[in-house]
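Me: I'd like to go through the salt bridges and the surface of this model. Please keep it short.

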Amino acid sequence: MNSTAVGKLLVRGMLAGLAAGVLAFVVAYLLGEPRVDSAIAFEDAHSHEHGMEVVSRSLQSTAGLATGVLVYGVAFGGIAALAYCFALGRLGRFGPRATALLVAGAGFTAVYLVPFLKYPANPPSVGDPGTIGRRTALYFLMMLLGVLLALGSVAVGRRLAPRLGAWYATLAAGAGFVVLVGLAYAFLPSVNEVPSDFPAMLLWRFRVAALAIQLVMWAGFGLVFATLADRLLRPADPDTAHGGAAAPAGAEGAGRVEAAEGRAAG
């Protein structure tokens, strides 16, 4: 793939990320922000220290949230588009659209779902401020392991495909990925800093909302980018691309066939 095509796909990936960011912002505003408000209310009710609010909560939940999600969506879309350029043609006989959906699904699983299941998102008032550095390092370590294990599973699946076939090679690679992720879960330390009196239902709904935001982000990107990449990379139909120019060629070919049949009959 030449640099021109990569550049065009990069731009389309950023546009797809922007569109996905809009969808994610709607989900975050409708599902996530009410849970954040409830968690802040819980924190205020159980804290005796009340600092001055630098940025109002209403601004945080609207313009601040929109800015953060949209900027993240554009950056995320560009990175995912570059990953797509690398993956195109290396995942088997998949077209541009199917490859985009596979990259989005694999990215969601490796980049977000794998670390989320080990270290799920927590609302405000959950977590010790003194351990934030350790928790962040563990989360990014789990994310890195998820990406490396996903890449390794793809490589193993490709090596096994000639001997086992694509279906069984995919199953074997997927099973190996699950086993290795499970081992990582077992050996990495757990983090549980939820206060004993924190509402369990609020914690559950916050984590479901966080998962929904990322799912909408990745799914929206995959669907939009699949359409844009397919239009760019799939060759146009010759009949429509040349405005019916193929018809004379077809008539010429038919004339040649008739001439050949006449010579054969003579």
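Me: Is arginine 97 buried, partly exposed or exposed?
Reply: This is a predicted model: local features need pLDDT of at least 70, side-chain atom pairs count only at pLDDT 80 or more, and totals for chains, interfaces and linings use all residues. Residues are numbered from 1 along each chain as its sequence is written, and side-chain values use heavy atoms, without hydrogens and water. Buried means under 20% relative accessible area, exposed over 50%, partly exposed in between (1.4 Å probe, protein chains only). Arginine 97 has 44% relative accessibility, so it counts as partly exposed.

Me: Which residue forms a salt bridge with arginine 97?
Reply: A salt bridge is a side-chain nitrogen of Lys or Arg within 4 Å of a carboxyl oxygen of Asp or Glu. Here the closest N and O atoms are 3.7 Å apart, and the partner of arginine 97 is aspartate 230.

Me: How many residues apart are aspartate 230 and arginine 97?
Reply: Helices are DSSP runs (H or I, at least four residues), numbered from the N terminus. Aspartate 230 is in helix α6 (residues 200–233) and arginine 97 in helix α3 (residues 96–118); the pair links distant parts of the chain, 133 residues apart.

Me: What is the relative accessible area of aspartate 230?
Reply: Aspartate 230 falls in the buried class. Its value is 10%.

Me: Which residue pairs with arginine 135 in a salt bridge?
Reply: The whole structure holds two salt bridges. In the one formed by arginine 135, the closest N and O atoms are 3.3 Å apart. The partner is glutamate 193.

Methods:
Helix = DSSP H or I, 4+ residues; strand = E, 2+ residues; numbered from the N terminus.
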